[in-house]
Amino acid sequence: MSRLGTMAATIAVICGATLPLACQQTQAQGRDAGREAVRTGDYQRALAILSTLARSPTATDADRFALVRAYRETGRYAEAVETASQFAALDPIWHVTLGELAAIRGDLDEAERHLRTGLATEGSLAIRSGAHLGQLLLERGRREEAKRLLVNVIRGNPGRDGESEDLAAVAAALEALGTAWGEPDRFREALRMYDRAIAADSSNLEAQVALGTMFLAKYNRPDARTTFEAVLRVNPRHPRALLGLALVALAEGRAEGDDLLGQALETNPNLVEARVALATTHLEREDYAAAEREVSKALLTNPASLPALTVLAASHLFGGAPAAYDTVARRVLDFNPVYAEFFAQMSVLSARNRFYQQAVDLARRGVALDSISATALAALGLNELRVGAMREGRSHLERAFALDPFNVWTKNTLDLLDTFDQYGRLESDTLRVIAAPDEVDLLGPYLMELGEAGYRSLAARYEYRPTRPIQLEVYRHHPDFSVRTVGLAGLGALGVSFGNVLAMDSPSARQRGEFNWGSTFWHELAHTFTLGVTDHRVPRWFSEGLSVVEERRARVGWGAQLRLGFLMAYHEGKLLPVSRLNDGFVRPSYPEQVGFSYYQASLVCEMIEMTRGSDAINRMLDAYRRGLPGPEVFREALAVEPEAFDKEFDRWFVERFGSVLEAVAGADGGAFHRELQRGLLSEKAGDTEAAVVAFERAKELFPEYAEQDNPYWHLARIHREMGRLKEAARELARLTALAESDYAANLEEAEVLEELGDLAGAAEALERAVYIDPRDPALHERLAVRYGDQGRWREAARERQAVLALNPVDRAEAHFQLARAWFHAGDRAAARRAVLRALDIAPAFERAQELLLQIRGISPQGGLD
């Protein structure tokens, strides 16, 4: 047995001797070691020492509190209660501890009894009891009684000379008042009080954890993280500091959040808040059964935990069990009839699972219970905006912000809404485009064309039509897009679909070549139909996979393609089985996993169509609409068990990509990498013949490779330099069919095709370039000429409009060219409007004058046209 492990036994032996001084010294050393072990998180050692010392006749209150704290922080609540009960006869201060422990275990009546006993005294005991009792009564819905208690606690503020625990109790009372009654100044006072509590005793880790928790509740993640990390430097196993840091990480979408929750639960397996947080991550993964199992563990510890009951209710509602949801909801409201937070959090969770209208309805119930609940008002406002109720959403956000000005999401959203009056709009029966005025002029015609075509195609495929026009918001600044989509998990970086409301970055928000805005719009539009036809019950992975497939159907080259990193992830065992593919979207474990999950999901959808027919997709969507869990959907629609499907997909994947997987295998990148490097080196050395051979071999080994150093680009360049234009065009056509965002390749292809006389092909390449970056007037000029050459004058007019939207130097000429295009397209009214604008700018513009005569049916020589 180690010396530390036998500390308590050693003390007992020495104290049994006739050396009282030695006994006292040894006991003092033991007490110091035990308390230090609790402080630093060595709980096993602490319990080994203090379980004997704290019960000795010479034990101090500090020894006893340390022992109970060790039991509490390791989740041994029954032992903590038993021990604290033994000490209660020595000092009434133990009623505070017993009240806290009873509340942790869900025995609210017992908690109230102990805290009222403490409240009947004076001084520190009354302050601490009043703060805890006030918070307990708030949880039970007894608001007015709670308010009186909390105000009295604040009035009993012990001042600068007060004990740390008393100051922290006052801070907690201030925070509770600020939250319940929408009094933001209370939080500033609470911050000052927490600071004073920590200054009075820097070893008061509980005060530091409480401060970090308040920072997190008030959306100040950096200070929350700093505070929790400071606690963990002292006690690396502090369960609630680990929990706090985990919540920060989860809020920021960082993978270590799950690991931190695991560490917190390793120290305290009965930490209810950690179980609730873990269950919430299962909800976001759409694993509702796992969420129910996890939160049930929390309820075994505390059957009265309102946050745990909220997550349980969500698991039932999202999992298609409305009767079970109603039962839990009644249970919550029996505990607290005015608990608006239940509906507010249900609203937040619904939005994270893409049930946006449901989120509105739930938040509205929360506001009906408590009209000054900032969380319910904010949830209502944000989700009203997501379903397109802009006026109502703004009104509720303004009310929320007045109550809680610390909520940066609310503030930033209101700031964004302030700019909406400056936005332009373009509308049809099925689509409304909202963007900055110049971007409406530039992008609007393309988006309306794509939207109408997409609507027809997708409505026919999925047999669903939205009940109202689809609204597309286009943001020229990515931070504005981020504000619009705040608080949602698993989003792509470019666009989002709320169902009938879509939002996306404009080309101006990104560098050229970062994305294809046309395919992004089509992707989000597809979500409108897969979400709508399933009442928003389609799993994230399936909806995302179908959207990528729809991109590929829409245009050649659109949609995510096979990348080398994806194949390497397969070799390294990093790709998830289909049954866990949602995790790749909402809880990625490495930076590239989200992108890889999009591509993998699209492959799964392709495999289903190839092996079971396109009807299988609609059968799955219908099964999800009816609320069937994922495993049941696979059994009913595909006649396969999920585990068997995982294996089937793996076999299909290897069969499809087996040769490519082999070509990239190996520490040096495999045969493909060697051939590609050989080609690059040969080209650099001027040996074009050897370069061509190597690049051709690289293409054979990995035909889908279209990343920056792809062989197609190099071969096209070599062929063009050698005058082999048809070969160059062939390579560029293959490249642009694989790389949706390669602007340079499309321009190069257009030039080569023009040289070959293929003007229609050149126009197609130029149009593909427009969907990558439409901000170059020269591109639209070229495309307008190409369309004119083919007699496609309506398309030519669209390009002339784009030139005008880009504010050319010679606006008179630009209006004239637009008028000419409309005239040849047969739209004389539009031609007349455009030519008159040209003449407003340049009244002596002869060609414009002649065109106006032609539009009026008069030849320039005076006869009829």
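The paragraphs below go from the whole chain to individual side chains.

This is a predicted model, in which local features need pLDDT of at least 70, side-chain atom pairs count only at pLDDT 80 or more, and totals for chains, interfaces and linings use all residues. Residues are numbered from 1 along each chain as its sequence is written, and side-chain values use heavy atoms, with hydrogens and water left out.

The C-alpha atoms fill a box of roughly 125 × 60 × 50 Å along the principal axes. The secondary structure comes to 45 helices and five strands. Both are DSSP runs numbered from the N terminus: helices are H or I with at least four residues, strands are E with at least two. Of the 865 residues, 55% count as buried. Here buried means under 20% relative accessible area, exposed over 50%, and partly exposed in between, with a 1.4 Å probe and protein chains only. Now the contacts, meaning heavy atoms within 4.5 Å. Among those with a separation of 6 or more, 58% come from residues 24 or more positions apart.

Next, the domains. Domain 1 covers 430-663 and domain 2 covers 792-865; the bounds come from an automatic or database domain assignment. Their centres, taken over C-alpha atoms, are 42 Å apart. Six residues from domain 1 and six residues from domain 2 make the contact.

How much area do domain 1 and domain 2 bury between them? About 520 Å², with 63% of it on carbon and sulfur atoms. Buried area is the accessible area (1.4 Å probe) that two parts lose on being put together, summed over both. The rule finds one salt bridge across this interface. A salt bridge is a side-chain nitrogen of Lys or Arg within 4 Å of a carboxyl oxygen of Asp or Glu. Arg798 forms a salt bridge with Glu449, and the closest N and O atoms are 2.9 Å apart. On the side of domain 1 that touches domain 2, three residues are nonpolar, none polar and three charged. In that count Ala, Val, Leu, Ile, Met, Phe, Trp, Tyr, Cys and Pro are nonpolar, Asp, Glu, Lys and Arg are charged, and the others, Gly among them, are polar.

Now single residues. Arg587 sits in the loop between α30 (581-586) and α31 (593-612). Is Arg587 buried or exposed? Arg587 is buried, at a relative accessible area of 14%. Its side chain joins that of Glu284 in a polar contact of 2.7 Å. A polar contact is a pair of N or O atoms within 3.5 Å; within protein, one must be able to donate a hydrogen and the other to accept it, and residues adjacent in sequence count only if both atoms are side-chain atoms. Beyond four places in sequence, Arg587 also touches other residues, including Leu250, Asp258 and Gln593.

Gly584 lies in helix α30. Gly584 has a relative accessible area of 0%, so it is buried. Its contacts beyond four places in sequence are Leu576, Gln593, Val594 and Ser597.

Finally, Asn268 occupies the loop between α15 (256-267) and α16 (272-284). Asn268 counts as buried because its relative accessibility is 2%. Its side chain makes a polar contact of 3.0 Å with the side chain of Tyr77. A polar atom of the Asn268 side chain also lies 2.9 Å from the backbone nitrogen of Asn270. Contacts of Asn268 beyond four places in sequence include Arg72, Glu73 and Pro239.
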